[in-house]
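Please have the 3D view open as you read.

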Protein chains: 4
Amino acid sequence: MIKVGIVGGTGYTGVELLRLLANHPNVEVAVITSRSEEGIAVADMYPNLRGHHDLCFTFPDVDQLAECAVVFFATPHGVAMKMAPDLVKRGVRVIDLGADFRIKDLDLWSRWYGMEHTEPEMAELAVYGLPEVNRDAIRSAELIACPGCYPTATQLAYIPLLEQGLVDHRRLIADCKSGVSGAGRGAKVGSLLCEASESLSAYGASGHRHLPEIKQGLTEAAGRPVGLTFVPHLTPMIRGIHATCYSVLKDPIDQGLQQLFERRYADEPFVDVMPMGSHPQTRSVKGANMCRISLHQPQGEDVVVVLSVIDNLVKGAAGQAVQNMNIMLGLEETAGLNLVGLMP
Amino acid sequence: MIKVGIVGGTGYTGVELLRLLANHPNVEVAVITSRSEEGIAVADMYPNLRGHHDLCFTFPDVDQLAECAVVFFATPHGVAMKMAPDLVKRGVRVIDLGADFRIKDLDLWSRWYGMEHTEPEMAELAVYGLPEVNRDAIRSAELIACPGCYPTATQLAYIPLLEQGLVDHRRLIADCKSGVSGAGRGAKVGSLLCEASESLSAYGASGHRHLPEIKQGLTEAAGRPVGLTFVPHLTPMIRGIHATCYSVLKDPIDQGLQQLFERRYADEPFVDVMPMGSHPQTRSVKGANMCRISLHQPQGEDVVVVLSVIDNLVKGAAGQAVQNMNIMLGLEETAGLNLVGLMP
Amino acid sequence: MIKVGIVGGTGYTGVELLRLLANHPNVEVAVITSRSEEGIAVADMYPNLRGHHDLCFTFPDVDQLAECAVVFFATPHGVAMKMAPDLVKRGVRVIDLGADFRIKDLDLWSRWYGMEHTEPEMAELAVYGLPEVNRDAIRSAELIACPGCYPTATQLAYIPLLEQGLVDHRRLIADCKSGVSGAGRGAKVGSLLCEASESLSAYGASGHRHLPEIKQGLTEAAGRPVGLTFVPHLTPMIRGIHATCYSVLKDPIDQGLQQLFERRYADEPFVDVMPMGSHPQTRSVKGANMCRISLHQPQGEDVVVVLSVIDNLVKGAAGQAVQNMNIMLGLEETAGLNLVGLMP
Amino acid sequence: MIKVGIVGGTGYTGVELLRLLANHPNVEVAVITSRSEEGIAVADMYPNLRGHHDLCFTFPDVDQLAECAVVFFATPHGVAMKMAPDLVKRGVRVIDLGADFRIKDLDLWSRWYGMEHTEPEMAELAVYGLPEVNRDAIRSAELIACPGCYPTATQLAYIPLLEQGLVDHRRLIADCKSGVSGAGRGAKVGSLLCEASESLSAYGASGHRHLPEIKQGLTEAAGRPVGLTFVPHLTPMIRGIHATCYSVLKDPIDQGLQQLFERRYADEPFVDVMPMGSHPQTRSVKGANMCRISLHQPQGEDVVVVLSVIDNLVKGAAGQAVQNMNIMLGLEETAGLNLVGLMP
């Protein structure tokens, strides 16, 4: 079994990595670190792991982590930036589930994340870990910047349209809805059941950190700068992202949209293009590493609506990280990820 | 006390009317009809009404209903159309919470509702019961077509912009999210807790019955036919609608949007314009007859985003019906409607 | 209007007091204090109150509070103990929604609440504010200890049986289920939507602070010390307590249980005895000051099961506090409390 | 791969069997029947199965089913009774997830299920499929009666105590809480999100079909007839059962309870005895074939409280059925069942 490590394993992406890796046929988790929970068994913190993992959280130690083939960072931004360079130098392949290496324009990064970026060389080196776009680069990458949850759902929805230049790239509107787990396991009033259930609201409508990341990806797909309005909403459920992506067709007569999407994702194990006019439910991917997409062209007019759903903790975080790891290690890409969504 | 009647009181808008009217200072519910529940006490069906209403459901009888000053129809479409003419002839003022008289173009109505419209004269007579637009006409109306829930939230969001001609009226996108009570109390698989909770999806993305109603209202506000994409979503909560309304400003430099909205709704008791950049939560209006609105202009660019929330059963149905009744009867417009949202 | 004050108004019982008092015909909230939110408008913190209250939170000041006829404490234990004596001395009537004065045995209190009780005289003076038991004493009380939420639901279920000596008082089992708002508005991981929704568990099964309070009340009703097993459970909803109360009948043949309960609560405006064999739902009292009770005698054997539901924030806290206030001030006991449960 | 069939695959236990068997290393689903959905692809009905199963529902045909080594019945009571005899005669091993063969006293069965039992010989033959009790008999069984969900959670909680005669067997109280999926996928008003969420109530408190099944199992464990009060509650979540099981210790001084439970279940792969004083959460077993148990002895008195949680659709239905199948076929008992609970 190949040894892997997890830095910052107490949050939701950390426990989700442990769940996915518990049944992975080729790798085992050898180290999991947490400054705050040092010495605690992971199964005491997350009883669903009882019988699946014997590990305890340890204080992060680079020497110990360096014995792993791959190290995942499931940490707030700023942490991977500090520790990743050392590990990469020692030949460890690093997969950052955080935001440190997602944005290539480091001034832009600093503006949105409110701190200086101290590792421009690493940022240069980092490969954006969206396999549907960068599979080849991922194979040999030393450092992966795993995409954010909203960016995953939104890019997979828009990329086929933008790559082919079929829509007005200056007028994209992504109205996104997320479950509360996207806000993490931090004890915030806004994430309390009594605050977040039986309610729905937008947040960050005037600007959200995933905006520059999405724009970067879409700009690359379009071959020129896109104009994007991105409004995220907090919705009363644990897991799930639903992106409703609007754009204006240059030629509304074109009948090939469905085939375009099916062709674009034909070989993708984790993108499922549903029949035209379908309405994917987030629960169909709950716990699964899958993005389900469907297309609508309301009243046959010139607006195309792409609906895209993922589980923010799986295809939007831990599952995509494992997918990247599989690619990097030359394993079956679907190893450990052949999960069926939990429904009902 | 003025006597009022309710036809079709077993659904969610019916029980909500009973809740609101239980404490109304000027009216009392004298008759409530239901073919299926004839003879059953309303408090046996809805135990929250124990001690508030002694009524039993009766078989609908026009003579009995004709003794009421106002009769509410909380019925599926097609029912009010049959019974309303008789009542109106006898001088009863009718408030239809259903869809029979909302759309003035009856061919369009027939196409969306799948039946012939048999009462063109009544449809002509009917006043669209959105007090923020039609208060004067409501005062003397014999027949009110109470707006749908999505149309209420969406029109109140767009009307100030369209009345002033500030946005491109051909490119409106209303991304709407509703709680499950919008689907009614019918026993449908899709509305089961196990199907609708912990999930989110769009529905009717290619066409929904509220689309022509919204377009009619916005067209009237704009003074010319609007182009609207309307995508509703089913969200895992009981009550609440959140409309996220996108449009493109003709002049993005204009700084007067907030003032425009505040002025437009200054005298409206049931529209609350929050400070620019706010994010209204649906729970802030849970159980209350209120529409809360806020504005965003992301990154100062030319897209304006209006966020609008209501309780679909109150300002989106029963509360608005009572508001209409108050206006029609010359009562205090807020009588019985001074409700505080239930939070948490 | 009679002036009242609220100390510690930022929690859920505080905002619920504001909701209930917003429409009270006889009193107005003149002061609301919060150390942490000083200067903030209550409507900025709780947008459901926009248009209903203009108040700002102020730093607690005894002189200012002393101008009120009644002051509510919606504070953690230990706070009312410090401030109440001063207010009582100045003739203010104090209603403590917290635990400081609920338990007469102050050693017992200290053991469960982990601090010394510094006000034995006030504790002696305090009247336990369960109107169904202590209405007369409440009328003239200077200081009210408002019952806890579990104690309210459980005592109202057991009292008729114990007063009449019909059941084995040594073998009472109260299995209670609470919504998450019972844990307050504090930012605790266990109260996050992602932790508490889609799950259910017991907590404090080996001992919970409401145990001595319930035992005290039941012992008083029985006229001798009772034996009680009390297991609370956290359930995935915002509001509601369901107490399932088991006891063993001394004479299982007795047919008068239903009549006993109906008689006991015949004049109580806020206790509703449903027909034998009913199953009260917590939602039937959501937002309402009501306790609904029903009886079962499974298979006609000797175990009687009493089901009792309340809204923990209303009859279990703020509503009961207002009921106490009404009694103390000689107002109509139901003033401001004629609320219909929000259903659905 | 060994071929298995499923009769009545459209309900929640049916889709759960498909989820579990999708990744089973030794068997494949060859047939799935549904009268109402004949011809429909299972993945069209349950999109979470897209890419995992290509099957369509077929009309139930005994010849086709007879080609399977094992046939599961996920049907309402009365169905398996009719079809099972034929299959058993042809050498097919039948696992009934329904209630037809759970109760040995057929008069009792008839009384609770409201129909005559037409297959007394099959009922005689049937093995009650609780592996923790009947593993040896299961190995060679031709027909398995898979336990109900409440009975599984409750029996596993009480059995160690009753087998050792440690508690008063005449005074057992099982207060059980279930998620809504226990009510099935039928379109019933009571299971609607708007009826069942944000609420909690008991149901069937005077008598529920699982009562005689639980009593039968506990009586067998105790070696004499037990007295049991069983009150089920409907709780606002999709999956999960929490059984809170009260009994009175004959000797409260005894310190060996924890060890007793640990020893009793030491070799059980799907029963997890947590440390004394723990509070198992239903979410820790969400989607997993596991029963988590913990013990409390409140205030060191003579009442012992056993908390027991399962996922009603897994260890309470489909997972237990697969566990039985593994045992019957001589496969690894945990094959296909090594699932980690989905948390959060």
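How many nonpolar, polar and charged residues are there in the lining of the second largest cavity? This is a predicted model, and by class that lining has six nonpolar, no polar and six charged residues. To find the place, look for I238(A), R239(A), K286(A), L342(A) and P344(A), which are among the lining residues. Chain D contributes I238(D), R239(D), K286(D), L342(D) and P344(D), while E198(B) and E198(C) also line this cavity. The volume here is about 70 Å³.

Now step back to the wider picture. The lining of the largest cavity divides into twelve nonpolar, four polar and four charged residues.

Next, turn to two helices of chain A. Helix α7 (residues 131–139) of chain A packs against helix α12 (residues 314–328) of chain A at an angle of about 40°, and their axes lie 9 Å apart. Because of that angle, α7(A) counts as oblique to α12(A). The crossing of α7(A) past α12(A) is right-handed. On the α7(A) side, the contact is made by P131(A), E132(A), R135(A), I138(A) and R139(A). On the α12(A) side, K315(A), Q320(A), Q323(A), N324(A), I327(A) and M328(A) take part. By class, this contact of α7(A) with α12(A) has four nonpolar, three polar and four charged residues.

Technical notes. Residues are numbered from 1 along each chain as its sequence is written. Chains are lettered from A and ligands numbered from 1 in the order in which they are written. This is a predicted model: local features need pLDDT of at least 70, side-chain atom pairs count only at pLDDT 80 or more; totals for chains, interfaces and linings use all residues. Side-chain values use heavy atoms; hydrogens and water are left out. Ala, Val, Leu, Ile, Met, Phe, Trp, Tyr, Cys and Pro count as nonpolar, Asp, Glu, Lys and Arg as charged, and the others, Gly among them, as polar. On a 1 Å grid over the protein atoms alone, a cavity is a set of points where a 1.4 Å probe fits but cannot get out, and a pocket is an open set with protein on both sides within 12 Å along at least five of seven lines; lining residues have an atom within 4 Å of a point. Grid points are joined across faces, edges and corners, and a volume is the space filled by probe spheres set on the points. Axes are lines fitted to C-alpha atoms, for helices over the stretch in contact, and angles run from 0 to 180 degrees between N-to-C directions. Helices (H or I, at least four residues) and strands (E, at least two) are DSSP runs, numbered from the N terminus. Angles under 35 degrees count as roughly parallel, over 145 as roughly antiparallel, 65 to 115 as roughly perpendicular and the rest as oblique. A crossing is left-handed if the near helix is turned anticlockwise from the far one by less than a right angle, and right-handed if clockwise. Contact means heavy atoms within 4.5 Å.
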